[in-house]
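I opened the model to look up core packing and helix contacts. My entries follow in the order I made them.

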Amino acid sequence: MIKNENIICISSIDWDFNWQGHQEIMSAFAKNGNRVLFLENTGVRAPGVRDIKRIKSRLKNWSKGVKGIRKIADNLYVLSPLLLPFPYMKIARWINRRLILSTLSKWISLTNFDDLIVWAFLPTPLSLDIIEDLPKKIVVYYCIDDLKSSSKTANKIEAYEIRLLKRADFVFVTSGALYEYSSSFNRNVYLFPFAVNFQQFEKARLDPEGACGITSGFKKPVIGYVGGINVKTDQALIRKMAQECPDYSFVFAGPLETDTSAFSGIKNVYLLGNQKHRDVPYLIKSFDVCVIPYVISEYTKSVYPAKLNEYHSMGKPVVSTALPEILSFNHKNDSLVFVGRNHKEFIDKIQKALDTVDNEELVKARIDSARANSWLKRIDDMSALLENKIRKDSDSGKDWMGSFSGFYRNLRVKFLRACFIAAGIYLFVFCTPLAWWLANPLVIADRPQKADCIVVFAGGVGESGRAGQGYEERVLYAAELYKKDYAKKILF
């Protein structure tokens with residue numbers, strides 16, 4: 001893993017939001033001796049009423065630090081910027097750029113935080129402005145969602161994302177669909193799905209006394225889900241599951257990011273809200289079956305559900321809708337996930353999954369699949385690409401004399417080649433009959449006829465090649481014609 005580097009993360013979420021790969025990656029880098037500044041979400045849309053809580057949280061976090069910067073852990077700092085909430089308005093973008101760059105430039109100057117690796121999750125206009133103005137050596141864009149399809153207003157982001165895709169030194173993506181899209185703009189695209197902190201989950205799984213008190217009073221079996229309730233969630237499916245299986249407890253742990261009134265009055269659906277990250281493994285441990293009830297849409301066709309690895313880390317059976325990334329996972333892992341292609345089939349698969357809870361062979365296969373998708377391995381693989389580029393750039397810097405000499409050697413070769421080509425063109429044009437051959441259609445050589453007057457035009461270089469002397473040959477020729485009686489008069 002990279003070490004002793006300065007990293008600025010332009011995040012698409014806030015640090016205190018539901019724990020995801022953003023926090024996982026940057027925490028790992030900080031623990032390995034890199035200095036990390038985590039820039040919280042600067043916005044992809046104008047805020048609404050539902051964002052009031054998040055705005056209050058931003059103001060609170062800004063006040064905790066110095067100009068919005070606070071220390072989270074050794075080598076790890078978070079910047080909670082206060083900005084105008086209009087990401088695509090030119091005047092707001094101009095003001096926001098100066099506000100945030102003023103803070104960043106002071107931070108960089110006072111802490112010697114230069115020669116940066118910029119790691120961006122957010123391809124907004126402001127993100128591009130920040131990237132262009134920072135003293136960087138590598139730009140990474142981690143494309144984790146099809147942002148342009150995430151909402152009606154988010155489609156404004158597409159043009160800026162394309163610019164970032166072209167600008168980035170490396171593009172990391174989480175799904176096959178995002179890989180295909182990104183590869184049309186950048187040659188250095190790599191597939192790195194979100195992973196799991198396997199060591200943390202394994203510790204909880206092997207803990208004989210560890211348990212989750214929250215679900216202890218729920219009726220068995222417990223069908224569980226960890227993650228936000230948002231536009232991806234198929235609420236109609238959840239409602240139907242609860243109604244068809246009244247003896248099951250359906251537990252949902254995560255932030256409520258959309259209206260959940262569809263579940264009102266359903267007694268066996270439990271919405272726990274956001275949970276502390278350290279409690280999530282124990283919560284999953286209390287589930288009998290884990291679900292991924294996502295709608296199938298243009299947006300979710302690019303989604304890789306990271307919770308899959310968390311579920312499998314605990315050895316739990318998983319039932320999912322037919323997401324493309326789940327189907328791809330099953331193709332590589334012997335159909336380890338139960339897939340429901342419609343609501344009825346999804347509910348039927350829950351019962352089949354319950355029958356495999358104690359199947360030791362399947363439990364081991366699930367755990368092994370999660371181990372292969374650990375964050376430790378994923379970050380090492382990503383770091384290897386960055387280290388290779390840093391090493392190449394460093395080696396080219398060490399051989400400055402060779403590079404300098406090579407530059408002028410190549411320049412000399414190009415100069416001599418240009419001289420040779422110019423000389424060849426000169427000789428071909430001026431020392432061959434080419435010009436005369438090309439001018440041949442312009443030559444008029446009719447026989448002279450008798451006329452009333454012979455007119456002689458003087459001046460110019462003429463056939464003699466001497467300035468002002470061109471008329472002499474014409475005078476002699478006119479006199480010769482006059483003597484032969486071609487005309488009675490000559491006009492000079």
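I began with Ile284, which, leaving aside neighbours within four places in sequence, is in contact (heavy atoms within 4.5 Å) with Phe201, Val226, Cys290, Glu310, Tyr311, Met314 and Lys316. I note that this is a predicted model, where local features need pLDDT of at least 70, side-chain atom pairs count only at pLDDT 80 or more, and totals for chains, interfaces and linings use all residues. Residues are numbered from 1 along each chain as its sequence is written, and side-chain values use heavy atoms, with hydrogens and water left out.

I then looked up the nonpolar cores, meaning sets of buried Ala, Val, Leu, Ile, Met, Phe, Trp, Tyr and Cys residues joined through side-chain atoms within 4.5 Å. Buried is under 20% relative accessible area, with a 1.4 Å probe and protein chains only. The largest core has 55 residues, and Phe250, Ile284 and Ile350 have the most contacts inside it. I found that helix H12 (residues 343–354) gives the most to this core, with 5 residues. Helices are DSSP runs of H or I, at least four residues, and strands are runs of E, at least two, numbered from the N terminus. A second, separate core has 34 residues, including Leu37, Ile100, Val173 and Tyr181.

Next I checked helix H6 (residues 176–183), where Leu178, Tyr181 and Ser182 are buried. These buried residues fall within an arc of 95° seen down the axis of H6 (directions from the helix axis to the C-beta atoms), so they line one face of the helix. Their cover includes strand S6 (136–143), helix H5 (158–167), strand S7 (170–173) and strand S8 (189–191).

Technical notes
Buried < 20%, exposed > 50% of the residue type's maximum accessible area, 1.4 Å probe, protein only.
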